[in-house]
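Please look through the sequence and the model below before reading my points.

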Amino acid sequence: MENIYLFMIIALAILAIADLVVGVSNDAVNFLNSAIGSKAISFKTIMIVASIGIAVGAIFSSGMMEVARKGIFNPHEFMFNEIMIIFMAVMITDILLLDFFNTVGMPTSTTVSIVFELLGASVAMALIKIAHQNGNFSDVVNYINTSKATSIIFGILLSVVVAFSIGAIVQWITRLLLSYNFLNKAKWVGAVFGGLALASITYFIFLKGIKGTAFASQELEMLGGMKISKFLEEKVLLIVSLSFVLWSLISYALMTFLKANIYKVIIAVGTFALALAFAGNDLVNFIGVPIAGYQSYNAWVSSGVAADAFSMGVLAEKVPTPTIMLVISGLVMVATLWFSSKAKKVTETEINLSREGEGKERFQPNFLSRGFVRSAIAMSQMSSFILPGSWQEKIEKQFEKPEVSTSKSKAKDLPAFDMVRAAINLTVAAALISLATSMKLPLSTTYVTFMVAMGTSLADRAWGSESAVYRVAGVLNVIGGWFFTAFIAFIAAGLIAYLINWNVSVMVPVLLLFAIVLLARNYISHRKSSAESKTEDSLTLSENSSIQGVIHESSKNIANVVKRGNKIYTNAINGLAKQDLVLLKKNKTQIIKLSNEVDELRDNIFYFIKNLDESSVGASNFYIHILGYLQDMVQSLEYITKVSHKHINNNHKKLKFNQIKELKEVDERFERLFTNVHNAFNTESFDQLSVILGRKSEITSLVTTKIQKQVERTRTEESSPKNTTLYFSLLLETKDLLNATMNLLEEYDQAHDASVAPATIKAEETKA
């Protein structure tokens, strides 16, 4: 039986490395989003600073490992074999849960996941023990450290509300004082801001960095025999005040003599601080359980007692974590930070929700987000009645955002928010985490950093009337995901613990294999979707202001729509012919994606027209007509796709042989048309358009003939109303698709002739 426990220890070690990878991918958002979103410093510098912070924090994290050993359950109530089952259940659940959130690009809390996994597995194991002993199920509280578990849950819930509120208040006051013109303020203003921010961040570094190390327990005479860690926690006001004065002087010197941008300094130091805190505190979430398992195994082997008779009270003792394990963990975390594409995906979610201005919204509004926005508008209207008009004017002036010309720099190249907001995000998060630590209140760094970022976004008016319902919906989705994390972590860990206890030798390998298969599947799926997003014929926004420029720039979009439309049309016909529901379902997904991209092009019309000069108004008319025809084409394809899917999904009669044959003939003719159109636009051979337009009557005649044949069949032999309706719908919508395509070609042909003609005349005059 000893072999199975050795196997479990090896498995825990492997799971620890994998958990480090998925954990960093999820938590990188905590310390990267402010620096990346503000673009205050280069991405390479951000990564180097964060890597150093992680490496230092990992080495200082030894004292935090006790949470996994005795923070949630009472170890003396369990035997060695039961503890190993709990630890295996926790690690298998944790890696699958975090990888799921990484794959969908949603930030969640590794602290919450590990806490509720330990709680779920411990409760399941306790209930099993009580059932075997014919005890009372209310005795489960004897096995669980209820006071610690309750305080952790309370701290998590409290951190959500407090972080959002404090972030919003501090950002509003800061913006009121600094405005968006902060770089042109007097040097002393920047020095005071730098002093406050850096004082908060450095205190945070000392408190979070020193705690848990051997140095923290030392006593110094200059502190009156007080331990260093206790001095840091009790003398907060003294330390922060002295630090504020020192950093204010340093900030002023940097700005005066080195011409340094103090906001960039704050962002760099803040990024280092949060990276250090993440590694120092959250490392326990990834390797705490495997290390506790390893130490339990060593204690059991040394005892010589049977696995089901060896009490795990030894875990209640303070056992230092081997330094080599911390170093290896730090290296794995740094490597993951540099190479994980999922870390970038999770970071994008938070930056997208907090960015300035409009853009593509990932989340759809719901009744809750609409309700919150309406409430906020009502409160804003109430405040306008309370505050004097002169005050309101001054406040509005401070919140006026500088005009940025998107014609000179693309929106995607602009920062998501400015350096003031980035600095406040880092400073407030650091201050709140420091305060909670000094008061012995547990909280989630993910929850604090995310909610602070959302609070500052709200106060900074980043959520305008055009985007508020989408952003609030996104925040609610993320918060809902946190509660989902807790619930699923508890249930899944408990279930896996029950399955392992049922037969350890069989279920451990089976569950590990299951976990490996799921991780591999998610990895392949993520790689595939990433590759598709890079190679896919996605549509691009137009930024040219002349007709000639728009003609050439949008030709790629036309080629892409025609290419993808050709495939969608063919798949719809093939899906009907083969009654292939899977193909039709995939086809439906593709047309929705294409439709969303065309809608995004239409949403950009406002910015396109705003950037035009007086002599280029004709380009806007051309562009609007082109987008209108593209949307007509996509709507026809969408209708064809949906009715085809609906017919097969509802198990209606298969189309008759003649109907399928005729649809195939139409599809083949349309494929030639779409291929020719694609080639003409892809190579910008616009002279071919007149040739393609000349075949319009031929294709129209083909579709009309098929409609007439179906009319005759319906009068004589057709017996299925559903088939008849579907067939007519397909052919009539095909005619609409043809008309939209030909209208687009005519618009292009005329615009191209008009734009080329003046250039040709001018060339001939020059030659003469």
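**Notes on the model**

1. Lys39 counts as partly exposed because its relative accessibility is 43%, where buried means under 20% relative accessible area, exposed over 50%, and partly exposed in between, with a 1.4 Å probe and protein chains only. Lys39 lies in the loop between α1 (2-38) and α2 (43-59), and Lys39 has a positive phi of about 55° although it is not a glycine.

2. This is a predicted model, in which local features need pLDDT of at least 70, side-chain atom pairs count only at pLDDT 80 or more, and totals for chains, interfaces and linings use all residues. Residues are numbered from 1 along each chain as its sequence is written, and side-chain values use heavy atoms, with hydrogens and water left out.

3. Gln579, found in the loop between α19 (547-578) and α20 (581-603), also has a positive phi, near 55°, in a residue other than glycine. At 37% relative accessibility, Gln579 counts as partly exposed.

4. The chain has 26 helices and zero strands; helices (H or I, at least four residues) and strands (E, at least two) are DSSP runs, numbered from the N terminus. Of the 768 residues of the chain, 51% count as buried.

5. Among contacts (heavy atoms within 4.5 Å) in the chain between residues at least 6 apart in sequence, 84% join residues at least 24 apart.
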